[in-house]
Amino acid sequence: MSSQKFKVKKLRDQKPEDLIKDLEKLKGELIQLRTVKVSAGNAQKLGRIGLVRKRIAKYLTVINEQRRNSVKNAAKSITKLPVDLRGKKTRAIRQRLTRSEKAQKTQRQWKRLNNFPLRKFALKE
């Protein structure tokens, strides 16, 4: 792995299998660097831990993007989106009643509305 700036653009062109393979290599490298850190290794390798962690994050980001895109394409024909593709919002907003649920009335409410409508009064002048 060279010390040049790492380009995510190249990762997006790769297949998921290749990405996962490279990710495993990076994780192995991170384990080695951490063991060197415990055994009081040189400063060059210690500085590399951060770079490897960032590179792992980039790989994971690309893998997750590809997964989400494949799920999105598969879910185009489905009316309801999968949970992980829906908007996050807040828990309170997600659990709130829908408009149609709010508008529903009980049997008793319907009877009261129909049997006792609002009275209309004619005002005298």
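Analyst: A residue is called buried under 20% relative accessible area, exposed over 50% and partly exposed in between, with a 1.4 Å probe and protein chains only. The model is predicted, so local features need pLDDT of at least 70 and side-chain atom pairs pLDDT 80 or more, whereas totals for chains, interfaces and linings use all residues. Residues are numbered from 1 along each chain as its sequence is written, and side-chain values use heavy atoms, without hydrogens or water.

User: Is Lys 89 buried or exposed?
Analyst: Lys 89 sits in the loop that links helix 3 (43-74) to helix 4 (91-95), and its phi, near 50 degrees, is a positive value in a residue other than glycine. Because its relative accessibility is 62%, Lys 89 counts as exposed.

User: How many helices are there in the chain?
Analyst: Helices (H or I, at least four residues) and strands (E, at least two) are taken as DSSP runs and numbered from the N terminus. Read from the N terminus, the order of elements is α-α-α-α-α-α. There are zero strands in the chain, and the number of helices is six.

User: What distance separates the C-alpha atoms of Gln 109 and Glu 24?
Analyst: Gln 109 belongs to helix 6, which covers residues 107-115, and it counts as partly exposed because its relative accessibility is 39%. Along the chain, Gln 109 and Glu 24 are 85 residues apart, and the separation of their C-alpha atoms in the model is 62 Å.

User: Over the ring of which residue does the charged end of Lys 105 sit?
Analyst: A charge sits over a ring if NZ of Lys or CZ of Arg is within 6 Å of the ring centre and within 35 degrees of the ring normal. The charged end of Lys 105 lies 5.9 Å from the centre of the ring over which it sits, and that ring belongs to Trp 110.
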